[in-house]
Amino acid sequence: KASKSRKTLQPLPRLRLAAPSRSPRFRPAVPLAAAAPPRSKFPASPLPPVRPPPPPRFFERLLNSRPTRWPSPLRPALPSLVRCRAGLAMAPARVDADKDAQDELEMEVQKYTRGKAVNVKRLPDKKLKGQLTVREKLYGQSAKAAAKADKWLKPTEEGGLEPEGLEKTYRFQQTDILKEAPISSSAQAFDMILPVLGPYTLEYTSNGRYMLVGGRKGQLALMDMLHMDLIKGYQVRETVRDVAFLHNEQMYAVAQKKYTYMYNRHGTEIHCLKEHGKALKLQFLNKQFLLASINSFGQLHYQDVSTGEMIANYRTGLSHTDVMRVNPYNAVIGLGHSCGKVTMWKPTSVKPLVTMLCHCGPMTSVAFDKGGHLMATAGTDRKIKIWDLRKYEAVKSFAARAQSLDFSQKGLLACSNGSRVEIYKDFGGHDYKLYMKHRITKGYEVGKVSFRPYEDILGVGHSMGLTSIIVPGSGEPNFDTFVDNPHETTKQKREKEVHALLDKLPPETIMLNPNMIATVRPPKKEKKTKKDIEEEMEEAIEVAKKTEMKKKTKGRSKPSKQAKKKEEEVFRAKRPFLDQSKENDGRPDKKQRVGEEAQLPKALQRFAKKT
């Protein structure tokens, strides 16, 4: 049918398309006679007939029709004309996309608005009406700017498990999640069996790219988790109790059998820190460049790794402990003791800042939230408690057993119990419920759980090796390259290290409330002299005497009763000033004991008490 329709078409004059222009708009076809090519020795080939560009209304009819019926010569010209000449026609898909984007932006703006706007039409005051109008306009502009910044600076949304109907998220297995997960995330899940040198502990860098593994019987390994590559693995032939990265992956500390050692990226021993003794746990404070450790004698050490100076060495006084974690918000060290107490320390205080009785038995683990306001504790009394550190109160407690606890960047709580790993999620109002669970091979004892930053990955170190599982919604989807960059180059690493050393904070900046830094202390109130107190008291007495009493009937306004009420008013006015004078004099109402140094008259010396 198409061939017949072409035969019936009337012949058109020979036309030639103009050369392509730099401007996006179409140029009309030019007759052949107006732009003839230069003559050559070879005869010119006849040009095929070209259909002239149709009018704009014809494109509108084509947009509303089915694409299968479009004439073949117009197919290449239609999309470019729709893109370039937007005034003629616009694709329906483009309209829907713009409308959806606008609706999404309005929904984001609602998050940052300050409630319903003020109705200024009912206000009679023109000045107040103008001020409120300008202020409401500024509020709207700031909310829109915040929504746009949130959209462009955080383009990736966090993941999660969404059940349908009667489904439960904790019933999803890793095999089910791996089928739906993208290839980049599914490649991060593995199960490494190392039965000889376990149990294993692990640690991630702040950007989540590198992982340090330590086996109890002396194995150490540094791995690049982005490319799944082993950088260095070796055997120290000593007991390894804990491992900790320093400011980056170039250096890390290992608590071994007798001392604490520092190694570089290539496994070369750099320092032997004998002052720490037999360390059980290690923590690094990245803002202050301090390495903190707790040893078997209950001594807490702080050492500056940039200068090598020992900053502090304190005895906790609460016996042996191997539970230690640093609060990322204020760099305060939290220790869990065998008496069920949690103590919080800073390097400039001999005594603990806070002592909390959290459990009725020995502590097994402590973890702090990223924001620093929540603390999770676990003990041998088979309870896990969530504490609000702003009120020092337990906001949630549920029966569970945990040997290790860890908070993710998005607030998920992971706990290990035997060969099981359970993840709890806050569903609003500190209502932590079971979100996911994973069971390792029966008989494996889980030692430590740790979330990988900026990834939905949970690393598990157990008695028979390492396991990495996928936990949707645990990692922060958008990272700031000025803070943590998993894809940083060698030059960026050097620059970051130099900036970190220049911005190093002194140990005095560690405190419970870091917002107090760079603030001015309020001036102390000066104590008033006795003369000033007496003058103010006299003025108050005069005011009390001048007060007029209400006249009452039935004998209640007798002169004697009015005089008695005035005396009561005068006494009430004098009472606060008398209390101030007592405070300044140091409780003069209390009888002072006469000592030997007091000089008494000769007539009264025989009555003095002899000691």
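These legends describe close-up views of a predicted model.

**View 1. A salt bridge between two buried residues, Arg325 and Asp406.**
The structure holds 13 salt bridges. In this one, the closest N and O atoms of Arg325 and Asp406 are 3.4 Å apart. The pair links distant parts of the chain, 81 residues apart. Arg325 sits in strand E16 (residues 323-326). Asp406 sits in strand E24 (residues 404-407). Both Arg325 and Asp406 are buried.

**View 2. Arg390 and Asp388 meet in a salt bridge.**
The N to O distance is 3.2 Å. Arg390 is exposed, at 55% relative accessibility. Asp388 is buried, with a relative accessible area of 6%.

**View 3. A salt bridge joins Asp484 and Lys496.**
Their side chains meet at 3.5 Å, N to O. Asp484 lies in the loop between strand E30 (465-470) and helix H8 (490-502), and Lys496 lies in helix H8, so the pair ties together parts that are 12 residues apart in sequence. Asp484 is buried because its relative accessible area, 9%, is under 20%. Lys496 is partly exposed, at 32%.

**View 4. Glu158, Lys410 and Glu476 form one network.**
Salt bridges that share partners join these three residues.

**View 5. Arg241 is buried without a salt bridge.**
Side chains of opposite charge can pair when their charged atoms come close. For Arg241, the nearest side chain of opposite charge is Glu238, 7.6 Å away. Where does Arg241 lie? Its place is in the loop between strand E7 (229-235) and strand E8 (242-245). A polar atom of the Arg241 side chain lies 3.0 Å from the backbone oxygen of Lys257.

**View 6. A cis peptide bond joins Gly198 and Pro199.**
Omega is about -5°. Pro199 lies in the loop between strand E3 (190-193) and strand E4 (200-204).

**View 7. Phe289 has a positive phi.**
The angle is near 55°, in a residue other than glycine. Phe289 is in the loop between strand E12 (279-285) and strand E13 (290-295). Is Phe289 buried or exposed? Phe289 counts as buried, at 2% relative accessibility.

**View 8. Arg382 has a positive phi.**
Its phi is near 60°, and Arg382 is a residue other than glycine. Arg382 is placed in the loop between strand E21 (374-379) and strand E22 (383-388). Arg382 is exposed because its relative accessible area, 57%, is over 50%.

Glu534 is found in helix H9 (residues 530-546). Glu534 is partly exposed, with a relative accessible area of 38%.

**View 9. Positive charge gathers in a surface patch that includes Arg439.**
The patch brings together Lys168, Arg171, Arg420, Lys437, Arg439 and Lys442. Arg439 is found in strand E27 (residues 432-439).

Technical notes. Residues numbered from 1 in each chain as written. Predicted model: local features only at pLDDT ≥ 70, side-chain atom pairs only at ≥ 80, totals over all residues. Heavy atoms only, no water. Helix = DSSP H or I, 4+ residues; strand = E, 2+ residues; numbered from the N terminus. Buried < 20%, exposed > 50% of the residue type's maximum accessible area, 1.4 Å probe, protein only. Patch = residues over 30% accessible without salt bridge, like charges linked within 9 Å, V, L, I, M, F, W, Y side chains within 5 Å. Areas by Shrake-Rupley, 256 points an atom, 1.4 Å probe, with all protein chains shown as cover. Salt bridge = Lys/Arg side-chain N within 4 Å of Asp/Glu carboxyl O. Lys, Arg positive; Asp, Glu negative; His and termini not counted. Charge placed at Lys NZ, Arg CZ, Asp CG, Glu CD. Polar contact = N/O pair within 3.5 Å; in protein donor to acceptor, adjacent residues only side chain to side chain.
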